[in-house]
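Biologist: Please give me a close look at one part of this model. I'd like to hear about the strand pairing, and then about the charged side chains.

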Amino acid sequence: MRDTLVLNASFEPLSTVSLNRAVVLVLQDKAVVEQAHPELRMRGAEVDIPVPRVIRLCRYVRVPFRRQAPWSRRGVLVRDRHRCAYCGRRATTVDHVVPRAQGGQDSWLNTVASCAEDNHRKAARTPEQAGMPLLRHPFEPTPADAMLLALGTEDFDALPEWLVQPAA
């Protein structure tokens with residue numbers, strides 16, 4: 001299922017929604033398509049619209065200020081693009097840099113994506129103790145970065161330049 005980025009009327013990222021929800025918002029004239037998938041269209045008996053990649057709401061929605069993106073296992077995997085921080089292969093688990101057994105917390109700066117083999121090999125040790133240096137160090141994404149990263153690598157690369165800001 002494709003995710004569609006939703007922008008506020010002021011062009012700030014708000015969230016991602018399913019393709020079906022994005023089409024409903026466009027058909028109800030609550031949003032306009034800012035960027036569409038090239039050569040893909042949704043057709044019905046009386047409807048022919050481009051498949052939206054980015055939509056913008058027609059009315060401004062006031063959103064409470066969120067200083068940081070909420071931590072989640074899925075968020076860590078998405079942030080690290082499903083690549084193991086130790087070997088670079090496909091990651092399926094989340095590893096704590098400072099293990100829970102040593103007081104490590106579930107936080108953006110203490111967790112990295114990891115393949116099951118490296119997670120098991122590192123066990124309850126720090127990367128230094130295990131002799132496993134990190135290829136990429138963890139960082140805390142902004143809420144907007146987290147939403148853009150959630151779109152996936154191929155969609156993220158195809159977004160307009162004015163929307164994408166490099167993550168830390």
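Modeller: Strands here are DSSP runs of E with at least two residues, while helices are runs of H or I with at least four, both numbered from the N terminus. Two strands count as paired if DSSP finds at least two bridges between them. Bear in mind that this is a predicted model, where local features need pLDDT of at least 70 and side-chain atom pairs count only at pLDDT 80 or more, though totals for chains, interfaces and linings use all residues. Residue numbers start from 1 along each chain as its sequence is written, and side-chain values use heavy atoms, with hydrogens and water left out.

Now the sheet. It's an open one of four strands, running β2-β1-β4-β3 with mixed pairing. β2 (13-18) and β3 (31-43) sit at the edges with a single partner strand each, so one side of each has no neighbour in the sheet. From one strand to the next the twist averages 35°, with axes being lines fitted to C-alpha atoms (for helices, over the stretch in contact) and angles running from 0 to 180 degrees between N-to-C directions. Let's zoom in on β1 (residues 3-7): β1 and β2 are antiparallel, joined by five bridges.

On to the charges. Side chains of opposite charge can pair when their charged atoms come close. I call it a salt bridge when a side-chain nitrogen of Lys or Arg is within 4 Å of a carboxyl oxygen of Asp or Glu, and that rule gives eight of them. For burial, under 20% relative accessible area is buried, over 50% is exposed, and in between is partly exposed (1.4 Å probe, protein chains only).

Take K122 and D95, whose closest N and O atoms are 3.2 Å apart. They tie together distant parts of the chain, 27 residues apart, with K122 in helix α3 (residues 116-122) and D95 in strand β5 (residues 93-96). Both K122 and D95 are buried. Elsewhere, shared partners join R41, R43 and D48 into one salt-bridge network. Within it, R43 and D48 come to 3.6 Å between their closest N and O atoms. D48 is partly exposed at 41%, and R43 is exposed at 64%. R79 and D80 also form a salt bridge, at 2.8 Å; R79 is buried at 5%, and D80 is buried at 10%.
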